[in-house]
Amino acid sequence: MCVLAPSQNRDPKSFQFDLPVNQRSVNALLREKWYPTARRIARTCTSARRVDPLSGVVLIVVHATAGSSTDGAFSVMREGRASYHWLVPDEDEAAHGCHVWATAPERRAAWHVRSRCHHRNVAHGATHLNHRSLGIEIVNRQAREKPDRFSMWQVRATANIIRYAWAKYPNLRHVVSHARLDPMRRTDPGQHFPWEQLEEDVLKRHLK
Ligand SMILES: [Zn+2]
């Protein structure tokens with residue numbers, strides 16, 4: 001199995017890249033399937049966006065689960081505690097290498113960043129970022145002692161989601177880690193996430 005070396009930059013609080021202004025992705029193919037029951041429960045764990053669902057989306061937040069399965073990750077949505085728009089499965093799951101899971105309608109605000117969180121380099125320091133963002137959750141154990149490396153497919157699949165969104169949302173600018181927005185409480189996607197590889201996959205393939 002192909003795994004990636006972690007980033008040179010090992011501080012998840014600094015993970016951010018911005019998409020070039022006045023450019024859009026041209027490669028927008030997204031292989032997604034709806035996670036079973038996700039559509040049915042969406043209204044119980046998402047909110048109506050306070051901004052226009054297309055022009056108001058300005059950032060994508062990358063998370064990792066600190067768990068070992070897609071179903072474990074989805075349980076927070078089932079319990080109405082949190083939500084996100086896509087789930088990227090782990091290496092030992094059947095969907096890995098095939099497709100990502102759609103877990104919430106893009107037109108709705110998912111609950112993946114605390115309301116008061118903000119960063120001066122993201123959306124001019126605005127709060128309530130769930131209304132302006134899309135959330136991607138990657139299944140990964142985030143073990144400190146024995147790191148669970150992210151697979152190349154997981155990183156590429158995440159990049160594919162970002163390119164798909166970049167083609168669709170005219171004002172999408174920022175790609176950031178959860179840790180950057182909530183540095184006191186969150187470290188995901190973690191120091192072993194190959195952030196530079198993600199940036200390269202999003203931007204270089206776009207430029208081909
Ligand atoms: Zn997170």
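## Buried residues

Buried residues make up 52% of the 208 residues in the chain. Buried means under 20% relative accessible area, exposed means over 50%, and partly exposed lies in between, with a 1.4 Å probe and protein chains only.

This is a predicted model: local features need pLDDT of at least 70, side-chain atom pairs count only at pLDDT 80 or more, and totals for chains, interfaces and linings use all residues. Residues are numbered from 1 along each chain as its sequence is written, and side-chain values use heavy atoms, with hydrogens and water left out.

## Fold and size

The chain has five helices and nine strands. Helices (H or I, at least four residues) and strands (E, at least two) are DSSP runs, numbered from the N terminus. From that end, the order is β-β-α-β-β-α-β-β-β-β-α-β-α-α.

How does the size fit a globule? A compact globule of 208 residues would have a radius of gyration near 17 Å, and the chain agrees, with 15 Å. This radius is taken over C-alpha atoms, and the rule is 2.2 Å times the number of residues to the power 0.38. The C-alpha trace spans about 40 × 40 × 35 Å along its principal axes.

Contact means heavy atoms within 4.5 Å. Of the contacts with a separation of 6 or more, 80% come from residues 24 or more positions apart.

## Surface and charge

The chain exposes about 9900 Å², and carbon and sulfur atoms supply 49% of this area. Accessible areas come from the Shrake-Rupley method with a 1.4 Å probe; for residues, only the protein chains shown count as cover.

There are 32 positive and 20 negative charges, and their mean positions are 6 Å apart. Lys and Arg count as positive, Asp and Glu as negative; His and the chain ends are not counted. Each charge is placed at NZ of Lys, CZ of Arg, CG of Asp or CD of Glu.

## The zinc site

Which residues coordinate the zinc ion? They are H63 (ND1), H178 (ND1) and D188 (OD), at 2.0 to 2.2 Å. Donors are N, O and S atoms within 2.8 Å of the metal (3.2 Å for Na, K and Ca); water is not among the atoms, so sites may look incomplete. The spacing in sequence is H-x114-H-x9-D.

H63 and D188 link distant parts of the chain, 125 residues apart. H63 is in strand β4 (residues 59-64), while D188 is in the loop between α4 (178-181) and α5 (195-207). Both H63 and D188 are buried.

## Arginine 78

R78 sits in helix α2 (residues 70-78). R78 is partly exposed because its relative accessible area is 44%. Leaving aside neighbours within four places in sequence, R78 is in contact with I41 and D71.
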